[in-house]
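This briefing concerns the structure shown below.

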Amino acid sequence: MLDRRALLALPLALVACKRAASAEPSVPPARPLKSLAPFPMGVCAKSPQFDDPAWVQLVTTHFSQLTPEWEMKMEYILADSPDRFRFDGPDTIAAFARHYGLRLHGHTLIWYAQGEQAFAGLDRARFIAAFDRYIAIVAGRYRGQVVSWDVVNEPVTDEGSELRDCHWSRMLGLDGYMIRAFHKARAADPNAVLFLNDYNLENTPRKGATFLKLAERLMKAGAPIGGIGSQSHLDIRIPPGQIRTFFRDAASLGLPIHVSELDASLRSGERVDLRSRSQRIEQQTARVGELAEAFMAVPERQRFAFSVWGARDTDSFLRQGERDDGQNQPVLFDAAGKPAPLYAAVTGAFA
């Protein structure tokens with residue numbers, strides 16, 4: 001395995017790509033996504049993928065923005081103590097983005113699912129100090145490198161009618177921890193676009209409405225929210241038109257919008273699924289096509305970026321471990337880096 005610091009210090013990655021191109025079949029002709037989209041095209045990344053020349057070639061050909069999939073999250077940086085930080089992974093990703101001229105989207109500062117163990121046992125004063133310090137150190141470290149941050153991630157419950165009760169809200173209040181996080185992120189990086197990010201906003205209309213009301217309420221409270229992120233892990237069985245409705249309502253806030261983690265599973269999770277594979281692919285392409293069209297209908301100044309959660313099918317978290325039956329095609333390129341049906345659905349809408 002290549003030493004990542006050496007890789008990112010220099011042209012070794014370029015050499016690796018050229019060698020791979022001569023040793024393996026090239027990706028079939030497909031116009032680069034970043035040349036077709038009138039906004040940045042993003043993809044998530046994990047630093048071990050930088051040792052895969054095929055992945056590097058595909059990503060640098062088609063994408064113009066990176067989101068760290070895991071290594072910028074508190075679970076990685078902070079582990080089990082509010083006083084011990086590690087930055088090897090996110091530093092590697094930031095250096096890779098810099099080397100290839102890719103925008104970097106920071107993901108994520110405060111998430112209900114992480115940090116509870118590290119902050120356990122702290123009294124209120126120490127808890128608040130550690131909360132503020134974490135955001136200041138992490139957002140400050142990448143000041144001038146990231147263009148944007150998911151400051152608060154997934155604050156609305158799955159059912160969608162209320163906010164999540166979590167260790168952050170129990171100490172700082174349901175809205176209070178978010179308002180504080182946005183202010184601290186703004187102080188740490190005055191130029192980054194600061195996002196409120198969540199999932200199932202298109203899939204569950206009640207959740208989408210609660211999320212947009214939350215964003216509006218936080219803005220009225222003075223939180224420096226600069227954009228809203230819809231993860232867009234799409235349920236391909238939702239009714240036609242539901243995605244368009246959400247994006248129309250989201251655009252009414254006037255904020256930049258980020259499609260932040262797009263994928264669309266062909267699997268339902270149900271024990272019995274009577275749909276044929278061709279029916280599922282038809283539903284999948286229709287819903288993803290609708291998403292891309294809905295994003296194109298957003299005013300140009302509000303189209304921040306369009307990001308997919310995995311470059312190839314085999315990079316997707318939906319194809320890891322027990323989830324992988326070898327049949328799912330949740331993203332735009334297949335395991336060989338060839339365009340999947342979703343590539344045509346997205347590029348057709350962009351054209």
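**Contacts, burial and salt bridges**

Asp263 touches Ser232, His233, Leu234, Trp309, Ser316, Phe317, Leu318, Pro330 and Val331, residues up to four places away in sequence being left out; contact means heavy atoms within 4.5 Å. The model is predicted: local features need pLDDT of at least 70, side-chain atom pairs count only at pLDDT 80 or more, and totals for chains, interfaces and linings use all residues. Residues are numbered from 1 along each chain as its sequence is written, and side-chain values use heavy atoms, with hydrogens and water left out.

**Buried positions**

- Asp263 belongs to strand β8 (residues 257-264); helices (H or I, at least four residues) and strands (E, at least two) are DSSP runs, numbered from the N terminus.
- With a relative accessibility of 2%, Asp263 is buried; the term means under 20% relative accessible area, whereas exposed means over 50% and partly exposed lies in between (1.4 Å probe, protein chains only).
- Phe50 is located in the loop between β1 (41-45) and α4 (53-62), and its relative accessible area of 3% makes this residue buried.
- Between Phe50 and Thr92, the C-alpha to C-alpha distance is 9.3 Å, while the two are 42 residues apart in sequence.

**Cysteines**

- Zero disulfides are found in a search of the whole structure, a disulfide being a pair of cysteine sulfur atoms within 2.5 Å.
- Cys44 is buried at a relative accessible area of 2%, and Cys166 is buried at 3%.

**Salt bridges**

- The structure contains 19 salt bridges, each defined as a side-chain nitrogen of Lys or Arg within 4 Å of a carboxyl oxygen of Asp or Glu.
- Arg164 pairs with Asp158 in a salt bridge whose closest N and O atoms are 3.2 Å apart. Arg164 is buried, at 10% relative accessible area, whereas Asp158 is partly exposed, at 43%.
- A network of salt bridges links Asp158, Arg164, Asp198 and Lys207.
- Arg206 and Glu159 form a salt bridge through their side chains, at 2.3 Å from N to O. Arg206 lies in helix α11 (residues 205-220) and Glu159 in the loop between β4 (146-153) and α9 (167-172), so this pair ties together parts that are 47 residues apart in sequence. Glu159 is partly exposed, with a relative accessible area of 40%.
- Asp165 and Arg170 meet through their side chains in a salt bridge of 3.0 Å, N to O. Asp165 is exposed at 56% relative accessibility, and Arg170 is partly exposed at a relative accessible area of 49%.
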